Amino acid sequence: MTASGGPHQADLLVVNAAQLVTCAGFSSAPARGPAQSELGIIQNGALAIQGDRLAAVGTTEQVCSRFQSDEVLDAGGSVVLPGFVDPHTHLVFAGDRADEWEAQLRGESYLEIARRGGGILRTVSSTRAATFEELLAGARRWAELMLRHGTTCFEAKSGYCLDLEGEMKLLRVARGLPAETNQKVCSTLLAAHVVPPEYENDREEYLKLCERALERARGEDLVDFADVFCEAEAFTLEEAERILQHAKAHGVGVKLHAEQFSATGAATLGARLGAVSVDHLDALRSSSLREFAAIEPAPIAVLLPAAAFHLGVSQAAPARALIEAG
C-alpha cells in the first residue's frame with residue numbers, strides 16, 4: 001500500500017489471464033526430473049510491472065487490490081507466460097542451402113553432402129562474402145521472427161567465417177542485436193565448427209587460430225561462451241578439450257555440440273569441464289548417459305529435434321531417459 005493506504009502505482013497491469021504461468025521456484029537453478037512439469041500456474045491471473053521488474057503476480061482480484069495503473073492490458077482469457085529462451089541458434093549467416101534439403105529428400109545424408117563441400121562450408125563461403133550490414137539485417141530479420149513467436153532471449157553462435165576477422169564480425173553482429181530488437185542475446189564463439197579448406201593440411205595452426213580468436217573476443221567483450229562441434233567431420237574429443245580448457249582459462253563459459261551423429265564421449269567431457277550445456281545428444285549411449293548424469297552439477301541437456309528432422313536423421317535423443325536421470 002502507499003503511504004495514504006491506497007493501491008501502489010504500477011507502470012502496467014496485465015489482468016484476466018485464463019492462466020498465468022510463473023515457473024515459480026526455478027529462478028536460481030533449472031528444473032530437473034518431474035519438477036519440469038511444475039509450471040506454477042495461476043488461474044485468472046494478473047501481474048503488475050514497475051520499471052523493469054515484476055512487482056506482483058497473483059489472481060486478478062489479488063493484484064488489482066494492491067496495484068493500480070494508467071495502463072491496463074486485458075489478456076482476455078489468454079495464457080500469459082514468460083518469454084521463451086532459445087539456447088542454441090546459428091543466427092548470424094548468409095546464403096541458403098535449399099538444394100541440399102532437396103538432396104536429403106532424395107536420400108543423401110548430411111555427412112555425404114558435407115564431404116563434397118556442402119553443409120557448413122557452403123554457408124561459410126556465403127557468409128565470408130557478406131558485409132557487416134548485410135549480416136546484421138539478416139540476423140535482425142530472424143530475431144524479429146523469433147520475437148513474434150515469443151522468444152525474448154537467445155544465444156547466437158559464430159562459426160560461419162572460420163577466420164579471425166570474420167569470426168569477430170559475426171560476434172559483433174550478435175552483440176549489436178539487442179539494440180535492434182530489444183531481446184537479450186548471449187554470444188558464443190564457434191570458431192571450432194569445422195576446419196576450413198585453407199587449413200585442411202595444418203589442423204594445428206587452425207587450433208591456434210581458434211585460441212587466438214577466443215583471446216581477442218574476450219579482450220573485446222564480444223563473447224559469453226565458447227563452443228566446439230565434436231564430431232568425425234569436425235573436431236576430435238582431444239581437440240575439443242584443448243579449446244574449451246583454453247576458454248575456461250580466459251574466464252569464458254563453455255558448451256559443446258555433443259553426440260549429434262556419433263557417440264564421441266563429448267557429453268561426458270562437457271560434464272567434466274563444467275559446461276553450461278551439451279547440445280544435440282541424438283547418439284548418446286546409455287553408458288555415457290549414466291556417466292554424464294553422475295557428474296554434479298550436470299550440464300543442461302539441450303535437445304534439438306528440429307535439427308534432426310531437418311537433416312533426415314532417424315535417431316533421436318533419449319529425452320525421457322535424460323529426464324529420469326535428473
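Predicted model: local features only at pLDDT ≥ 70, side-chain atom pairs only at ≥ 80, totals over all residues.
Student: What does the secondary structure come to?
Tutor: The chain has 12 helices and 14 strands.

Student: And what box do the C-alpha atoms fill?
Tutor: Along the principal axes, the box is roughly 75 × 45 × 45 Å.

Student: How much of the chain counts as buried?
Tutor: Of its 326 residues, 44% count as buried. The chain exposes about 16,200 Å², and carbon and sulfur atoms supply 53% of that area.

Student: OK, the largest nonpolar core. Which residues touch the most other members?
Tutor: Leu91, Tyr206, Leu256 and Leu281 do, in a core of 68 residues.

Student: Which helix gives the most to this core?
Tutor: Helix α7, residues 203-219, with seven residues.

Student: Back to Tyr206. What does Tyr206 touch, leaving out residues up to four places away in sequence?
Tutor: Its contacts are Leu162, Ala191, Val194, Val195, Pro196, Tyr199 and Phe235.

Student: How many salt bridges does the structure hold?
Tutor: It holds 17. One of the salt bridges joins the side chains of Arg216 and Glu165, at 2.6 Å from N to O. Arg216 lies in helix α7 and Glu165 in helix α6 (residues 164-181), so this pair ties together parts that are 51 residues apart in sequence.

Student: What does Glu205 pair with?
Tutor: Glu205 forms a salt bridge with Arg212, with the closest N and O atoms 3.7 Å apart. Glu205 has a relative accessible area of 28% and Arg212 has 38%, so each counts as partly exposed.

Student: Which residue meets Glu241 in a salt bridge?
Tutor: Arg272 does, at 3.2 Å from N to O. The pair links distant parts of the chain, with Arg272 in helix α9 (residues 266-273) and Glu241 in helix α8 (residues 237-249), 31 residues apart. Glu241 is partly exposed, at 23% relative accessibility.

Student: Last one. Which residues are linked in a network of salt bridges?
Tutor: Glu155, Lys157, Asp227 and Lys255 are linked that way.

Technical notes: Residues numbered from 1 in each chain as written. Heavy atoms only, no water. Core = buried A, V, L, I, M, F, W, Y, C linked by side-chain atoms within 4.5 Å. Buried < 20%, exposed > 50% of the residue type's maximum accessible area, 1.4 Å probe, protein only. Helix = DSSP H or I, 4+ residues; strand = E, 2+ residues; numbered from the N terminus. Contact = heavy atoms within 4.5 Å. Areas by Shrake-Rupley, 256 points an atom, 1.4 Å probe, with all protein chains shown as cover. Salt bridge = Lys/Arg side-chain N within 4 Å of Asp/Glu carboxyl O.
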